[in-house]
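The sequence and structure come next.

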Amino acid sequence: MISSIKTDLVDALKGKRVWVAGHQGMVGSALVRRLECENCTILTVSRSELDLTQQADTKQWIEDMRPEVVFVAAAKVGGIKANATYPVDFLYTNTMISMNIMKAAVDAGTQKFLLLGSSCIYPKLAAQPIEENALLTGPLEPTNEAYALAKISALKLAQAYARQHGIQSISVMPTNLYGPNDNFDPENSHVIPAMLRRLHEAKMAGKEQVTLWGSGRPLREFLHVDDLADACVFLMKSHDHIDLINIGSGQELSIRDLAHLISDVVGFRGRILFDPEKPDGAPRKLLNSSRLRELGWAPTVSLRRGLEDLYDRWQRDPQCAHETGWRQLMI
Ligand SMILES: NC(=O)C1=CN([C@@H]2O[C@H](COP(=O)(O)OP(=O)(O)OC[C@H]3O[C@@H](n4cnc5c(N)ncnc54)[C@H](OP(=O)(O)O)[C@@H]3O)[C@@H](O)[C@H]2O)C=CC1
Ligand SMILES: C[C@H]1O[C@H](OP(=O)(O)OP(=O)(O)OC[C@H]2O[C@@H](n3cnc4c(=O)[nH]c(N)nc43)[C@H](O)[C@@H]2O)[C@@H](O)[C@@H](O)C1=O
């Protein structure tokens, strides 16, 4: 069931203590940048200070800080290979983080949540473009089943809290994201930072060809993380509760076409080959974002401009990639 309640609040964030969990990540840092334009107090804590898989520590920190609004952007995240290689981490860590945060925050009096889901919660062969009501209508994509199950559990817990205790939450399902603070690890990242890195390194080394993963045929939709953050704040300010809502750009292209676009942005002039032994993942993941459009929000960053900006930032400041965990600097 999909339900939403439009709020008559003038500004759901105004004057509030707002915690962005995962503020050093790509999405969390974009949320902080966007929330700095709002009249609210932003609370943050890094993973080195608080491991959110630890229930007692999480409960204590939340009791001390008393956030009124929580954006849950902390998670174990990675691309197709990381998801397939570390299913325990993706299922266990992500389940613990979202369960610990929601339970402790509700107990401490938090009034409202925004949960970050993902388009991978939908069935592998969902009808395209994927509507919100495709949830749990078919088998998941095997490479990210563990991650998807953790995300589905979190959004179901949010729905349960709404039903049983009247707690407000908004569960957003973004399409594939990219932007500042992305993960540029060559093996564990998503396709955009991985390709930017591979094609840049090939250009610098004067290589004549580069081999990328899979068949090149899968179709993907991409959204800049600043657009995502803006959509999250828009929804938070305009609605009390939304069970599930897609956030996409409508900008879809094949992985092969993405490779050529990134090649052009980077200035790599050699040949692009694909290795079909590597997994393709879902054949197509285009979200139907008409609910969000009807509410009055639309993205502003074109894929080409977003890629040029990311490549430019990365060359000027390699710190725009995380240094922690499995992230590594490119240069
Ligand atoms: N990236 C994408 O394409 C998409 C992302 N999403 C969702 O958006 C959310 C954020 O993703 P994204 O910003 O890309 O991911 P990142 O990996 O960039 O950020 C995740 C953040 O969570 C923190 N974190 C991880 N584990 C813990 C822990 N045990 N305790 C405390 N903090 C922890 C990380 O800390 P540290 O900085 O120390 O590593 C990091 O700051 C996720 O829920 C993801 O599923 C949804 C769709 C697409
Ligand atoms: C956001 C989303 O992200 C993941 O799903 P995915 O969309 O399959 O993500 P991906 O970005 O890793 O790959 C997209 C496509 O690109 C191809 N590809 C080519 N060359 C490289 C390459 O060098 N690296 C990567 N990672 N992919 C490559 C790759 O073979 C695939 O066909 C899930 O983790 C899921 O959990 C999730 O939430």
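In this predicted model, strand β6 (residues 168–174) and strand β10 (residues 239–247) are paired in the parallel sense, with four bridges between them. Within that pairing, Ile170 has Ile242 of β10 opposite. β6 also pairs with strand β5 (residues 112–116), again in the parallel sense, over five bridges. Here Gln168 of β6 is the bridge partner of Lys112.

| Partner of β6 | Residues of partner | Sense | Bridges |
|---|---|---|---|
| β5 | residues 112–116 | parallel | five bridges |
| β10 | residues 239–247 | parallel | four bridges |

β6 is mostly covered, as seven of its seven residues are buried. In a regular strand, side chains alternate between the two faces of the sheet. On β6, Gln168, Ile170, Val172 and Pro174 point one way, whereas Ser169, Ser171 and Met173 point the other way, and all are buried.

Helix α5 also holds Tyr147, which UniProt lists under "active site" in an unreviewed entry. Is Tyr147 buried or exposed? Tyr147 has 28 other C-beta atoms within 10 Å and is therefore buried, the cut-off being 20 or more. Apart from neighbours within four places in sequence, Tyr147 is in contact with Asn83, Phe90, Asn94 and Cys120.

Terms used: Residues numbered from 1 in each chain as written. Chains lettered and ligands numbered in written order. Predicted model: local features only at pLDDT ≥ 70, side-chain atom pairs only at ≥ 80, totals over all residues. Buried ≥ 20, exposed ≤ 12 C-beta atoms within 10 Å, placed from the backbone. Helix = DSSP H or I, 4+ residues; strand = E, 2+ residues; numbered from the N terminus. Pairing = 2+ DSSP bridges. UniProt positions renumbered as here; feature names shortened; annotations may be inferred. Contact = placed C-beta atoms within 7 Å.
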